[in-house]
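I opened a new model today and kept notes as I went.

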Amino acid sequence: MFRSIISGLGHYVPQKTVTNQDFETWMDTSDAWIQQRTGIVTRHFVSPGEGNIEMSFYATQMALREANLKNTDIDFIVLATLSPDYTFPGTACFLQEKLEIPETPVLDIRQQCTGFIYGLSIADQYIRTGMFKTILVVGTEVHSTGLDFTTRGRDVAVLFGDAAACAIVQRFDGQEERGILSTHLFADGRHAKDLWIETPSCREHPRMTQQMLEEGSWYPKMNGKKVFTMALKKFPEVIQVALKANQVELKDVHLFIFHQANLRIVQAVCESMAIPFEKTFNNIGKYGNTTAASIPLALSEAYQAGRIQKNDLVCLSAFGSGFTWASALIRW
Ligand code: UT7
């Protein structure tokens with residue numbers, strides 16, 4: 001059985017910065033409300049002509065540089081997004097085209113906020129069995145073209161931002177106990193409608209109508225309090241599962257990367273588990289919630305900032321729509 005390591009990380013955020021003050025001009029909200037309830041100060045939005053394909057391409061170029069690899073070294077692409085550029089084919093097909101690596105297999109996955117950890121888990125299994133040697137795992141999201149920027153949508157619109165980030169997952173042939181130690185995946189579809197987009201829907205005849213457009217059923221809807229409460233319960237559970245599986249203690253972990261949904265969630269989980277806040281890395285203030293991109297974006301920035309050193313134990317955890325929740329423990 002082989003082990004997988006992360007040999008390169010990359011990220012890309014679009015140039016356009018949107019502030020809380022911008023939101024104040026569009027709807028009944030305030031910078032104070034957004035900052036106090038979420039920790040978000042700015043987020044980035046794509047401009048016309050820019051989508052997941054371009055963002056994930058730039059992020060991939062950075063990760064390949066970091067790993068000292070070429071496009072053609074990629075054996076498989078796993079791409080997580082809840083906001084694909086097109087309904088079909090999957091966004092990974094377009095990324096593969098842009099990377100000019102025809103015949104390389106690609107796989108789009110959903111899983112929303114946990115998409116990157118699910119993707120990492122898939123990549124890890126293919127590496128462990130020996131099927132692939134070098135896998136690109138991407139999390140990418142364009143939220144800004146599908147948010148309700150009126151007061152009706154203020155509970156959701158202020159939270160989200162656009163970005164792409166990725167990891168190169170590679171077979172590790174060395175003897176040391178390094179790499180992805182384990183991944184842990186969970187889901188509970190009973191809560192699927194607590195955070196979802198209802199239309200366009202293949203169940204509807206037709207999938208999209210003028211009425212749906214006007215009613216705003218194509219915007220994301222969230223039962224914020226329920227998501228918040230469940231997140232506080234599931235983050236500690238899923239972190240403990242990862243620690244237990246590897247027989248390590250909380251104090252052994254050097255860095256915790258939480259899905260960046262709300263800074264208050266990270267603070268509350270740290271408090272309940274007695275995790276020193278300095279052991280977390282957070283960039284939600286700059287980028288908002290970038291869903292599938294959130295964990296690799298934090299991971300990539302933490303690595304660039306020198307917060308991750310060789311042999312460090314890094315714990316990733318996420319909770320979100322589905323509900324789905326997941327964790328991964330990595331010896332760097
Ligand atoms: O990544 C996916 C996972 N997502 C999450 O983990 C998000 C989890 N949920 C949350 O982070 C929080 O529930 C929110 C940040 C979404 C909301 O914070 P909250 O403290 O739960 O606020 P609330 O929903 O209880 O709303 C409090 C008040 C309401 O007004 P009333 O009813 O008290 O008069 C809302 O209408 O705040 C109002 N409100 C706003 N006010 C100003 C809601 N959104 C806004 C807004 N600006 N943008």
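My entries follow, from overall shape to single residues.

**Entry 1: the whole chain.** I noted at the outset that this is a predicted model. I then looked up the secondary structure of the protein chain and found 11 helices and 13 strands. Next I checked the radius of gyration, which is 19 Å. The globule rule gives 20 Å for 332 residues, so the chain is as compact as a globular protein of that length. Along the principal axes, the C-alpha atoms fill a box of roughly 60 × 50 × 35 Å. I also looked up burial: 56% of the 332 residues count as buried. Then I turned to contacts with a separation of 6 or more. Of these, 76% join residues 24 or more positions apart.

**Entry 2: the domains.** Where does the chain divide into domain 1 and domain 2? I read domain 1 as 3-172 and domain 2 as 179-331. Their C-alpha centres lie 14 Å apart. I looked up the contacts between them as well.

**Entry 3: the cores.** I asked which residues have the most contacts inside the largest nonpolar core. They are Leu120, Ile257, Leu299 and Leu316, in a core of 34 residues. Helix 5 (residues 115-128) gives this core its largest share, 6 residues. Both domains contribute: the core draws at least three residues from domain 1 and at least three from domain 2.

I then followed Ile257, leaving aside neighbours within four places in sequence. Its contacts include Phe281, Ile295, Ala298 and Leu299. Also in contact with Ile257 are Ala302, Val314, Cys315, Leu316 and Ser317.

**Entry 4: helix 5.** I checked the length of helix 5 first. At 1.5 Å a residue, its 14 residues should span 20 Å, and the end C-alpha atoms are 20 Å apart, which agrees. Is helix 5 largely enclosed or largely open? I found 11 of its 14 residues buried, so the rest of the structure largely encloses helix 5. Among the buried ones are Phe116, Ile117, Tyr118 and Leu120. The buried list also includes Asp124 and Arg128. Helix 5 is followed by Gly130, and I noted its positive phi, near 90 degrees.

**Entry 5: Ser182.** I found Ser182 in strand 8 (residues 179-187). Its relative accessible area is 12%; the cut-off for buried is under 20%, so Ser182 counts as buried. What does the side chain of Ser182 make a polar contact with? The partner is the side chain of Asn246, at 2.9 Å. Beyond four places in sequence, Ser182 touches Ala242, Ala245, Asn246, Ser327, Ala328 and Leu329.

**Entry 6: Thr291.** I placed Thr291 in the loop between helix 10 (284-287) and helix 11 (294-304). Buried or exposed? Thr291 is buried, with a relative accessible area of 1%. Its side chain makes a polar contact with the side chain of His143, at 2.7 Å. I then listed what Thr291 touches, not counting residues up to four places away in sequence. The list is Leu82, Gln112, Cys113, Glu141, His143, Phe160 and His259.

Terms used
Residues numbered from 1 in each chain as written. Predicted model: local features only at pLDDT ≥ 70, side-chain atom pairs only at ≥ 80, totals over all residues. Heavy atoms only, no water. Core = buried A, V, L, I, M, F, W, Y, C linked by side-chain atoms within 4.5 Å. Buried < 20%, exposed > 50% of the residue type's maximum accessible area, 1.4 Å probe, protein only. Helix = DSSP H or I, 4+ residues; strand = E, 2+ residues; numbered from the N terminus. Domains from an automatic or database assignment. Contact = heavy atoms within 4.5 Å. Polar contact = N/O pair within 3.5 Å; in protein donor to acceptor, adjacent residues only side chain to side chain. Expected span 1.5 Å × (residues − 1). Rg over C-alpha atoms; globule rule 2.2 N^0.38 Å.
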